[in-house]
Amino acid sequence: MTRRIALLKTWVMVAAASALTAFAQEDYPTRPVTMLVPFPPGGVADAVGRPVAEAMGRYLKQSVVVENKGGAGGGIGMAQVAKSKPDGYTMLMALSSLVVLPEADKVLKRAPMFQLDQLKPIARFSADPTVLVVNADSPWKTYAEFMAYVKSNPAKVSFGSSGNYGTMHVPMEQLKVATSSHMLHVPYTGAGPAVMALLSGQIEALSTGPASVAQQIKAGKLRALAHWGEGRLAALPDVPSLKELGVSITYAQWSGLFVPANTPTAVVDKLRQAAKFAASDARANQAMVAAGTSFMFQDMPEFERYVQTDAKDMAGLVQRIGKVD
């Protein structure tokens with residue numbers, strides 16, 4: 001009898017705990033949610049993250065607070081989310097460097113900052129080819145002029161990035177390999193600081209998503225010479241692709257929302273719905289267009305497949321690039 005009572009008490013406690021957990025998940029969120037952007041303000045992840053966070057907050061009826069935390073090409077912030085509590089209150093707005101950094105750690109023979117399986121994809125919001133830009137005061141009016149100078153002056157032209165193996169670094173390494181050219185890499189903590197360095201003349205060039213430089217191009221402060229896409233860009237219709245110019249390389253800088261692995265299914269489903277709402281929200285769409293990009297939304301199943309494919313492609317690219325300073 002005593003054992004039966006003990007078992008009954010245990011069953012009641014487990015059932016009560018399960019009920020409380022289910023209730024908490026259904027009631028999610030009950031407090032503000034953090035969206036960590038692993039770069040300083042001014043980059044693509046920030047430009048996408050802020051309108052998405054605002055729209056998701058309206059759907060969730062709780063504030064979604066953007067927190068910028070740059071460093072290591074985004075790796076520091078990505079690792080923080082990967083290791084955070086899987087309760088839906090810490091999200092990550094990542095760029096495509098997410099799938100590159102674990103492979104770069106292997107190439108560099110260092111302890112991984114995080115692993116991809118520590119994060120669960122929720123939705124993709126954008127996927128823009130990067131754009132090669134120079135200061136408007138530079139002597140290069142075309143890609144051909146720029147590359148001619150680069151080849152005749154090895155390692156004298158410097159380009160900025162958001163960090164080693166980041167989304168601004170990888171396409172420039174692609175370009176160097178494809179054209180057998182040499183340029184000096186200068187890493188910064190994010191796209192914002194790198195763009196500021198270009199504007200101030202500290203570096204000569206960079207490759208970044210249109211959202212990071214659209215306003216400066218429109219204002220006549222920067223000049224776009226080429227991009228890594230397949231065809232012309234709606235935001236920059238006069239800028240040719242590298243493929244058009246005879247350089248057969250492409251690169252897409254995507255942005256997407258992730259949460260820690262093992263986040264409860266009910267919470268993930270709620271965030272998926274909030275992400276869909278954000279991608280269809282008129283206010284968020286206007287903000288994206290104003291920033292120089294647009295939504296290219298993928299829901300979780302499609303985005304999971306996209307991430308897996310991109311991770312495989314980027315692993316091969318990082319191995320070809322090899323160890324860089």
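Which residues does Met35 touch, not counting residues up to four places away in sequence? View 1 gives the answer.

This is a predicted model, in which local features need pLDDT of at least 70, side-chain atom pairs count only at pLDDT 80 or more, and totals for chains, interfaces and linings use all residues. Residues are numbered from 1 along each chain as its sequence is written, and side-chain values use heavy atoms, with hydrogens and water left out.

**View 1. Met35 and its contacts.** Met35 touches (heavy atoms within 4.5 Å) Gly49, Val52, Ala53, Met56, Val64, Val65, Val66, Glu67, Met91, Met93 and Leu257.

**View 2. The largest nonpolar core.** A nonpolar core is a set of buried Ala, Val, Leu, Ile, Met, Phe, Trp, Tyr and Cys residues joined through side-chain atoms within 4.5 Å; buried means under 20% relative accessible area (1.4 Å probe, protein chains only). Met35, Met56, Phe146 and Leu175 touch the most other members among the 87 residues of this core. Helix α2 (residues 44-60) supplies the largest share, nine residues. Another core, of 17 residues, lies apart from it and includes Ala191, Ala194, Leu198 and Val239.

**View 3. Helix α7 (residues 191-199).** Helices (H or I, at least four residues) and strands (E, at least two) are DSSP runs, numbered from the N terminus. Ala191, Gly192, Ala194, Val195, Ala197 and Leu198 of α7 are buried. Their cover includes β5 (131-135), β6 (158-161), β8 (205-208), α8 (210-218) and β9 (222-227). Gly201, with a positive phi near 85 degrees, follows α7.

**View 4. Ile249 in the loop between β9 and β10 (252-260).** Ile249 counts as buried because its relative accessibility is 10%. Trp228 is 21 residues from Ile249 in sequence, and the C-alpha to C-alpha distance is 6.6 Å.

Terms used
Buried < 20%, exposed > 50% of the residue type's maximum accessible area, 1.4 Å probe, protein only.
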